[in-house]
Amino acid sequence: MSTARPGDPALVLVAHGTRSARGVEMIAALAEAVAVELDAQAEGGAPNAALRTAFVDVLGPSPAEVLRDLDGPAVVVPAFLASGYHVYQDVPREVAESGHGSVAVTAAMGPDPALAAIMAVRLRAAGWQPGDAVVFAAAGSSDARARQDVRRAAGMLAEQIGAPVRIAYVATGSPRVPEVVAALRASGARKVFIASYLLAHGLFHQRLHDAGADGVAEPIGVHPEVVRLIADRYRTAARALVRARVR
């Protein structure tokens, strides 16, 4: 991806992993875009940080495997939209198992107003218009902190579009997306659209198309605001990591 300058912490972008070829391609494209962003903003135009991608499920390499291959300091950025089990359990465990002595882990990507703005754009592109009902579809989690993140993210989207949204889950938790779509129709909604709080294409996003809605927005995907969000997470943590090492 990018050649690091001496002393620059590497960036390890950690994603969930998917068997969807489109989803894998999207994560690769996102990583490439982040590398380009960091290189473009490096002082003097010199390449910035080495960037590696790792996965906590389905695919490899794992974060621990990637970290074991790195000699210098590293910043781990979890590419997750809510801080559930993977962020609170898997990532710290992987860091510990790596045995790496100089790692900073940033907050997850979401919730964030930038993501809500992207979702609003995706929703309108799917055909949504004011007056249509909206289902905010998240993967779901058994972790209460992740569910709180989803509620915050849904509130941000509602503010973006100036309309209420109903939260529903694809895999874990209730209510499920088809139930909420059906309930909105039963309550008199003329049209129902699904806002996808998913990062990439995969099995979960495919399920949304079978939920009975009039339209399904694309996943958040590769977007300049997502790229900047990840780059900002990295830069903030990298500066702190470097300062800690020189003390």
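Modeller: Gladly! The strands E6-E5-E7-E8, in that order, make up an open sheet of four with parallel pairing; two strands count as paired if DSSP finds at least two bridges between them. Strands here are DSSP runs of E of at least two residues, and helices are runs of H or I of at least four, all numbered from the N terminus. Please keep in mind that this is a predicted model, where local features need pLDDT of at least 70 and side-chain atom pairs need pLDDT 80 or more, while totals for chains, interfaces and linings use all residues. Residues are numbered from 1 along each chain as its sequence is written, and side-chain values use heavy atoms, without hydrogens or water.

Strand E5 (residues 133-138) and strand E6 (residues 166-169) run parallel and are joined by four bridges. One of the residues involved is Phe 136, whose bridge partner in E6 is Ile 167. Between E5 and E6 the chain passes through helix H5 (residues 144-161), giving a right-handed β-α-β crossover: with the strands pointing away from the viewer, the path over the helix runs clockwise.

Phe 136 also leads us inside. Together with Leu 30, Met 109, Leu 115, Ile 161 and Tyr 197, Phe 136 has the most contacts within the largest nonpolar core, a set of 54 residues. Such a core joins buried Ala, Val, Leu, Ile, Met, Phe, Trp, Tyr and Cys residues through side-chain atoms within 4.5 Å, buried being under 20% relative accessible area with a 1.4 Å probe, protein chains only. Helix H8 (residues 224-246) gives the most to this core, nine residues.

Leu 115 touches, beyond its neighbours within four places in sequence, Leu 81, Met 109, Gly 110, Tyr 197, Ile 220, Val 226 and Leu 229; contact means heavy atoms within 4.5 Å.

Stepping back, the protein chain has eight helices and eight strands. Of its 247 residues, 52% are buried. Its C-alpha trace spans about 60 × 35 × 35 Å along the principal axes.

Technical notes. Buried means under 20% relative accessible area, exposed over 50%, partly exposed in between (1.4 Å probe, protein chains only).
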